[in-house]
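Have the sequence and the model open side by side as you go.

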Amino acid sequence: MSYPKIPQRFGDGPLPGGSWVAEEKVHGAQLVLLSDGRTTRAASRRGPLDEDQLETFFGAVRLWPVLATAAAAVARAAGQDVTLYGELAGGGYPHPRTPPVQNITPVQTGVWYSPDLVWLAFDGAVSTPSGPHWMSRAELADLLAAVGLECVPLVAQGPRQKLRELPVDFPTLVPGRFGLPELPGNRAEGYVLKPAGPWNTSERGPRPVLKVKHPDFAEDARYNGARPFVPPPGGVTGVPAWLLSAAVERLTPPRVDAARSKLGPSADPAALAAEVVTDLLADLADDLGGLPEPDRQRLTTTLTPAARNLATLHGS
């Protein structure tokens, strides 16, 4: 389900009252997560991303284990298939106290969010036969917080008329989320206005959404410095994208249950995660007829944060 194009002016029809939100418009690349609670697929604005495309999509495969397992947990909590729309951003933070992350380049330039890649959700929906049902900002934020993910920053909430008076020139709120030191002149791209509550398109028609961009973004070359991402030899994670994808598909709640049955109900998430990854890689090696030790070690490093998150979520 592609995200509707956001206009820079409202149409001529009547607009709903009530509470609206202004959310920071993050300067990155749209990365969509689609999950049925068991598996998760990725898509860009142009369409689905396979394993190799996920590698070349600014190195997003680096975040894939955590994103895939978290999105599946959101779908299970929602009780239905979900589509999570987010912005992949970061990859550079030119501050002397923040060392660069190896093998990563900025998704976009001009606004700096984090030395590493980050994914921030800006919308969420469940599909219905007659169109998407958009989640409220509060529901989306709660679902994501429960699985360790975040929304784009909330700039303000209130009546639409008051939000239209917000200044378009303001510092980005994203680095503060990660405890990063401030950068002079690190201005946000702008903000997006939309109703704060849920929106069922089958009952109410298309949801009104408006973007308000800083005028410099249309004229200043600093904000258009992204380059095609070329993965380093051996891939972003050090293992082939297909191999990582095959491993992530095995990060499931039943595998956590199996690990807990071995270690006991009081096992802590770190121990559970280690057992989950060990069992997963043994299973993967059996299917592949072996797994070289370097690949095993790199997969362990890459999968462990997602396994720990899954063990925590599935134990709560």
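**Exercise 1. Which residues does Arg207 touch, leaving out residues up to four places away in sequence?**

Step 1. Look for contacts, meaning heavy atoms within 4.5 Å. Arg207 touches Tyr3, Asp123, Trp134, Lys194, Pro195 and Trp199 once residues up to four places away in sequence are set aside.

Step 2. Before going on, a word on the source: this is a predicted model, where local features need pLDDT of at least 70, side-chain atom pairs count only at pLDDT 80 or more, and totals for chains, interfaces and linings use all residues. Residues are numbered from 1 along each chain as its sequence is written, and side-chain values use heavy atoms, with hydrogens and water left out.

Step 3. Helices (H or I, at least four residues) and strands (E, at least two) are DSSP runs, numbered from the N terminus.

Step 4. Check burial, where buried means under 20% relative accessible area, exposed over 50%, and partly exposed in between (1.4 Å probe, protein chains only). Arg207 has 11% relative accessibility, so this residue counts as buried.

Step 5. Look for a polar contact (a pair of N or O atoms within 3.5 Å; within protein, one must be able to donate a hydrogen and the other to accept it, and residues adjacent in sequence count only if both atoms are side-chain atoms). The side chains of Arg207 and Tyr3 are joined by one of 3.4 Å.

**Exercise 2. Find the buried residues of helix H3 and say why they line one face.**

Step 1. H3 covers residues 137-146, and its buried residues are Arg137, Leu140, Leu143 and Leu144.

Step 2. Viewed down the axis of H3, these residues fall within an arc of 140°, so they line one face of the helix. The arc is that of the directions from the helix axis to the C-beta atoms.

Step 3. Recall the general rule: an α-helix has 3.6 residues a turn, so residues three or four places apart point the same way.

Step 4. Turn to the face of H3 pointing away from the buried side: there you find the exposed residues Asp142, Ala145 and Ala146.

**Exercise 3. Describe how helices H8 and H9 meet.**

Step 1. The axes of H8 (residues 253-263) and H9 (residues 269-288) come within 9 Å and cross at roughly 115°. Axes are lines fitted to C-alpha atoms, for helices over the stretch in contact, and angles run from 0 to 180 degrees between N-to-C directions.

Step 2. List the contact: H8 gives Arg255, Val256, Ala259, Arg260, Lys262 and Leu263, while H9 gives Ala271, Leu272, Glu275, Val276, Asp279, Leu280 and Asp283.

Step 3. Sort by class: the contact of H8 with H9 has 7 nonpolar, no polar and 6 charged residues. Here Ala, Val, Leu, Ile, Met, Phe, Trp, Tyr, Cys and Pro count as nonpolar, Asp, Glu, Lys and Arg as charged, and the others, Gly among them, as polar.

**Exercise 4. Where do Phe58 and Asn103 lie?**

Step 1. Phe58 is in the loop between helix H1 (51-56) and helix H2 (64-78); its phi is near 55°, a positive value in a residue other than glycine.

Step 2. Asn103 is in the loop between strand S5 (82-92) and strand S6 (114-128), and has a positive phi of about 65°.

Step 3. Compare accessibility: Phe58 is buried, at 15%, whereas Asn103 is partly exposed, at 41%.
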